[in-house]
Amino acid sequence: MGVAVVTGAGSGLGRTIARALLGAGWQVALAGRREELLAETAKAADGPETGWAAENALVVPADVTSPPSVGALFDAVRDRWGRLDLLVNNAGLFGPAAPADEIDLADWQQVVDTNLTGVFLCAQHAVRMMKAQDPRGGRIINNGSISAHTPRPNSIAYTATKHAVTGLTKSLSLDGRAFDIACGQIDIGNAETELTQRFSRGVLQANGSMAAEPVFDSRHVADAVLYMASLPLDTNVLFLTITATTMPYVGRG
């Protein structure tokens, strides 16, 4: 085990992943924009039945689109624990659901700033820490989404950034080799969170129809992250795709 940073830890997949890491004995910095939600993620640490100690959770309000805020996040981790072994780049947003000609530039930029630049900024600070610490090295896991492979209708901003995250993952993996830094990506399809509750009511399909889509327990995503994070640094899961088995993804849907 070691020290981890999880972004977007205040809700959804980030909360599930952060709590799974805490339960497995990691010391975890919980990063996100809303301090009260981060505190809720950490609150379970107060009970002995949860299997982790409260002091292993560090709440750090942070905005991944702000360079000073990201810098302060990693400074807080360094001040508290002195090193970093794992970064889970989870923070992200869907952005506008519209065709390209109807998207406002500001909305496009917000998605790019969060899903791509935010991932880069966090990875940049993580790499700096991992290079300098002793023993050196660590692991970065990026949340890519199946949109890193195949788009949904009216998702151009989200899809473009998730394709870009794939390139970022490959470059980090390559450039990190010399410094014992492993980088992998988990691509998720229809994990059950607050954001996917609407899937049961119908989602726009490529043929123009609306159809309900299955979801799966987000705990399985956390288990996959735990597996990736448990590997020695000479072993890496470069890409892992986990989806609801019957979701309309492979083939013709």
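Analyst: The buried residues of α2 pack against α1 (12-23), β2 (27-32) and β3 (57-61), where contact means heavy atoms within 4.5 Å and buried means under 20% relative accessible area, with exposed over 50% and partly exposed in between (1.4 Å probe, protein chains only). Helices (H or I, at least four residues) and strands (E, at least two) are DSSP runs, numbered from the N terminus. This is a predicted model, in which local features need pLDDT of at least 70 and side-chain atom pairs count only at pLDDT 80 or more, while totals for chains, interfaces and linings use all residues. Residues are numbered from 1 along each chain as its sequence is written, and side-chain values use heavy atoms, with hydrogens and water left out.

User: Which residues of α2 are buried?

Analyst: In α2, which covers residues 35-43, the buried ones are L38, T41 and A42. They lie on the same side of α2, because they cover an arc of only 95 degrees around the axis, the arc being that of the directions from the helix axis to the C-beta atoms.

User: Switching to α5, how many residues does it have, and how far does it reach?

Analyst: Helix α5 (residues 156-176) has 21 residues and reaches 30 Å from its first C-alpha to its last, close to the 30 Å expected at 1.5 Å a residue; the expected span is 1.5 Å times one less than the number of residues.

User: And what do the buried residues of α5 pack against?

Analyst: Their partners are α4 (105-132), β5 (138-143), β6 (181-189) and β11 (239-243), and the buried residues of α5 include Y158, K162, V165, L168 and L172.

User: Now the charges: how many salt bridges are there?

Analyst: The count comes to seven salt bridges, taking a salt bridge as a side-chain nitrogen of Lys or Arg within 4 Å of a carboxyl oxygen of Asp or Glu. One of them joins D75 to R78, with the closest N and O atoms 2.9 Å apart.

User: Where do D75 and R78 sit?

Analyst: Both are in helix α3 (residues 67-81), and because they are three residues apart they are separated by about one helical turn. D75 is partly exposed at 39% relative accessibility, and R78 is partly exposed with a relative accessible area of 39%.

User: What about D85 and R83, buried or exposed?

Analyst: D85 and R83 are buried, and they form a salt bridge whose closest N and O atoms are 2.9 Å apart.

User: What does R136 pair with?

Analyst: R136 forms a salt bridge with D180, the closest N and O atoms being 3.0 Å apart. R136 lies in the loop between α4 and β5 and D180 in the loop between α5 and β6, so the pair ties together parts that are 44 residues apart in sequence.
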